[in-house]
Amino acid sequence: MPEYDYVIVGGGTAGSVLAARLSEDPSVTVCVVEGGPSDVDDPRVLELRNWINLLGSELDYDYPTVEQPRGNSHIRHSRARVLGGCSSHNTLISFVPFPQDVASWGPGWDWDTFGPYYDRLLNNIIPVDPADRNPIALDFIAAAKAALGVPEVEDFNAKPFADGTGFFSVAYHPETGSRSSASTAYLHPVLDRPNLTLVLETWVSRVSFEDGRAIGVDTSAGFISARREVLLCAGAIDTPRLLMLSGVGPAADLSALGIEVVHDLPGVGENLLDHPESVIIWETDGPIPLNSVMDSDAGLFVRRDQSDPRPDLMFHFYQIPFTANTERLGYPVVEHGVCMTPNIPRPHSVGRMWLTSADPTVKPALDFGYFTNPDGYDEQTLVDGFRIAREIASQEPLKSWLKREIAPGPEVTSDEDLSEYGRRAAHTVYHPAGTCAIGSVVDPSLKVIGLEGLRVVDASVFPTMPTVNPMVTVLMIGERAADLIRGA
Ligand SMILES: Cc1cc2nc3c(=O)[nH]c(=O)nc-3n(C[C@H](O)[C@H](O)[C@H](O)COP(=O)(O)OP(=O)(O)OC[C@H]3O[C@@H](n4cnc5c(N)ncnc54)[C@H](O)[C@@H]3O)c2cc1C
């Protein structure tokens, strides 16, 4: 039976960081069990601009949601099945979280402790290279400045900002357009370490316990034993799913499915967070120049609530017409177009996930509870977003590019109609998090509460959603976890 000091479940974003850092010590052995294949020499994965073709592909677990009565029930949650996890198929937009985003996360997660981990990241995080700056994105930035009076930000990671527009920072190599993912930055350079074992295309179906201590994992390739710790890095959907399949979770729900309860932990699967977004689309007057990093290179942050230093409305500007959710609603599909996708940085709606079967191959039920918050904050944020987007579109130099608004269309103007459209055409920024939160499922050192030898290290530990796209926060959690495990 193979045995290692540390068994990492999931060679994804956090898992890659953790594996590389723990295996720096030649006296410990580290095994990563990853459900997907290697990304080495796979241009589909390594070429960042191909990200959109990976959605729904064989490298995507592709999770549906349960019906969303106030949102879009057709959203598919893409989750990568490949080494590097979602950092191998995402858009690699890279934002340092705001200090306030982690202020309530508990002891050891204050900014003085957590913030410096950003400086340790090995990814090549840079503002979009000048050669990749598309003329229409430059004109979007100019129009946003003119319409709203917000500053242009050259480097969003240089210091916290209240609002602003500009090109994003992205983890990539501009000379080749290739990813600087968790896998390429952390694992590729150390694949020959004798104390690091990657077990690929292998699915973990259960964590095994002895007297309340995790001792290893059941996998599609047999049992793998952990001398010191099992580290769950399977992501915000698959980590709680695995815990529940292993008997750790809400006891009554598990018993009802015939799963033997190892430890009653009601928080597992609760607090399902996301960044919901919607879309407003314009047809352009002819084709758009082709240069770009990944077709969503620039954006805008707006602060409506002056009592908080952080922005509370974000926009991605897409140089392509993203019609996946509007076509179904009957809106036209156009050859050339752009869109703005207003999103809710700190949504008030919260969901939950649960198992519907003890069969590990059955996908869990995901209920994001989109737009169910009684205060109406989330839908109002989209409505505000549409109005701001139209102000920008009516400003030169962007205005001259645009032929017509195709969704929702200029005739849709009332709060009620914009909200209805916005919720039906809503999408996800693909940021599920929070389902094994610090404080309810794991303690501040990321140990699963009430058990030994088991930690969670991925986006599921977020108690609250960071204002910005979360990958950098996940990478920083990987770095911090390595220190916590090594006792640094
Ligand atoms: C399409 C898309 C675009 C995105 N764009 C951005 C962006 O531009 N910027 C940003 O900040 N964030 C972005 N995100 C979100 C960000 O990528 C994720 O929040 C982050 O990467 C999650 O990291 P993780 O370590 O929690 O999980 P993951 O990176 O998903 O890692 C989980 C790993 O575990 C493996 N696994 C799961 N279950 C098992 C099991 N039972 N057995 C074995 N292996 C298993 C998976 O194969 C995967 O490799 C995007 C996400 C998507 C899907």
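Helices (H or I, at least four residues) and strands (E, at least two) are DSSP runs, numbered from the N terminus. The structure is a predicted model, in which local features need pLDDT of at least 70, side-chain atom pairs count only at pLDDT 80 or more, and totals for chains, interfaces and linings use all residues. Residues are numbered from 1 along each chain as its sequence is written.

The ligand is surrounded by 39 residues, of which Gly 10, Gly 12, Gly 85, Asn 90 and Met 471 are the closest; a residue is near a molecule if its C-beta atom, placed from the backbone, lies within 6 Å of it. Two or more residues of this shell come from each of helix H1 (13-22), helix H7 (235-245) and helix H12 (471-486), and H7 gives the most, with four residues. By class, the shell holds 18 nonpolar, 16 polar and five charged residues, where Ala, Val, Leu, Ile, Met, Phe, Trp, Tyr, Cys and Pro count as nonpolar, Asp, Glu, Lys and Arg as charged, and the others, Gly among them, as polar.

A cis peptide bond, with omega about 10 degrees, joins Glu 396 and Pro 397, and Pro 397 lies in the loop between helix H10 (377-393) and strand S22 (402-407). The bond from Ala 407 to Pro 408 is also cis, with omega near 5 degrees, and Pro 408 is placed in the loop between S22 and helix H11 (415-424).

Asp 295, which is not a glycine, has a positive phi of about 70 degrees, and counts as buried because it has 20 C-beta neighbours inside 10 Å, the term requiring 20 or more other C-beta atoms, placed from the backbone, within 10 Å of its own.

Key: A residue is buried if 20 or more other C-beta atoms lie within 10 Å of its own, exposed if 12 or fewer, and partly exposed in between; C-beta atoms are placed from the backbone.
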